[in-house]
Amino acid sequence: MRTQSILFSLIFMTATTVVAGAAPATDQVPANGNAPSRTNNIASQDFVHGQLNLEFSDDYLTSRGILLQNRGLVTQQYLRLDWNLYPLNRETNRFINEAYLMTALWNDVDTVPGGVDPGSWNEIDFIAGPGAKLFDDWTLESPIFAFKSETGSYPTCWAWDPRLTYHDHFAKNFSLNPYAEFFDELRGKITVVMVPAQSQSSYYGVLGLDPTYVFPTLPLKFELPSYIIIPAKNFYQRENGSGGGADIALMTTMFKVTVPLGLIQPSCGKWSVYAGVQYDRLNNPGLLDGNEIAGAAHDRERNLVVFHTGMTVHF
């Protein structure tokens with residue numbers, strides 16, 4: 001499986017590079033951290049849109065609050081292609097403005113080896129699923145994830161992760177971009193398993209905002225992406241095998257600054273660089289037990305801070 005993962009990764013990266021060189025660049029600002037936005041009046045007629053992202057951070061802290069690496073430099077690579085299936089003129093179709101198939105690949109590679117079978121290549125995730133732009137301002141995506149550990153730390157976990165986002169425009173240059181998300185473990189566990197006999201696939205819900213301000217006279221954008229996780233009782237597991245509880249388990253916020261690289265020709269895509277600081281508040285005994293036993297720091301720290309910087313290309 002490791003050889004297959006490497007081969008798939010190389011094929012996907014090659015295909016993405018070829019398409020990026022051939023596809024015309026879009027002129028939209030990303031609507032959120034994952035997907036390039038669409039035009040406001042007429043859906044793009046391009047067959048494929050994409051995003052390339054390279055990020056550097058001091059820790060690998062998952063979106064579920066699990067601290068997997070806190071040494072050396074953490075690098076994460078994200079490649080995404082959106083294949084248009086149903087482009088329509090929004091002036092004549094107000095319900096479904098666009099339908100597309102999202103395919104993506106995500107990697108975590110660290111300078112310090114870690115995991116059960118220590119290695120620098122920590123994880124690879126495969127992502128695919130349908131998406132649609134609705135009523136001009138709504139985005140609905142319903143991808144399937146496969147989370148694969150390259151260090152043998154856990155069996156591959158399959159999950160369904162639908163998300164509904166509203167891209168508001170009530171204020172000039174400022175938007176809140178609220179969203180709701182549902183994460184369902186279809187097979188396997190994405191959290192720390194301490195008593196396998198009592199572990200079971202579970203789910204959680206997410207409520208979030210991505211407040212965004214784009215300066216009208218400066219090449220600068222501020223964001224404050226924030227969310228809370230409300231899990232099912234057994235999503236996180238305590239050391240004794242019982243569930244961690246169903247209260248708010250995690251509160252996350254990040255201050256992010258993005259600067260577009262206007263000197264790069266539009267034919268090469270829309271390039272930008274960013275930097276941010278993220279704060280996580282952990283509030284679930286199962287999550288704290290997992291970080292204490294299997295986390296990189298082996299402690300029950302409730303307040304975690306991570307620094308990010310990176311580069312993004314939209315095409």
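Phe 135 sits in the hairpin of E6 and E7, where three residues lie between the strands, and takes a positive phi near 50 degrees. Strands (E, at least two residues) and helices (H or I, at least four) are DSSP runs, numbered from the N terminus. The model is predicted: local features need pLDDT of at least 70, side-chain atom pairs count only at pLDDT 80 or more, and totals for chains, interfaces and linings use all residues. Residues are numbered from 1 along each chain as its sequence is written, and side-chain values use heavy atoms, with hydrogens and water left out.

Stay with E6. Four bridges join E6 to strand E7 (residues 138-141), and the two run antiparallel. Two strands pair if DSSP finds at least two bridges between them. Ala 132 stands opposite Leu 140 in E7. E6 also pairs with strand E8 (residues 144-149), in the antiparallel sense, over six bridges. There, Phe 145 in E8 is the bridge partner of Ile 127.

Now turn to E5. Strand E5 (residues 96-114) is joined to E6 by 14 bridges, and they run antiparallel. Val 109 faces Trp 121 in E6. The hairpin of E5 and E6 has four residues between the strands, and Gly 115 in it takes a positive phi near 95 degrees.

Why is E6 largely enclosed by the rest of the structure? Twelve of the 16 residues of E6 (residues 119-134) are buried, so the strand is largely enclosed. Buried means under 20% relative accessible area, exposed means over 50%, and partly exposed lies in between (1.4 Å probe, protein chains only).

Next, the whole protein. It has two helices and 19 strands. Of its 315 residues, 48% count as buried.

Now look at the surface. Ile 144, Trp 158, Trp 160, Phe 182, Leu 186 and Tyr 203 form a nonpolar patch. Such patches join nonpolar side chains (Val, Leu, Ile, Met, Phe, Trp, Tyr) within 5 Å, from residues with over 30% relative accessible area and no salt bridge; like charges are joined within 9 Å. A salt bridge is a side-chain nitrogen of Lys or Arg within 4 Å of a carboxyl oxygen of Asp or Glu. Strand E9 (157-160) and strand E12 (179-187) each supply at least two residues of the patch. Tyr 203 lies in strand E13 (residues 203-209). Tyr 203 counts as partly exposed because its relative accessibility is 42%.

Definitions and conventions. Accessible areas come from the Shrake-Rupley method with a 1.4 Å probe; for residues, only the protein chains shown count as cover.
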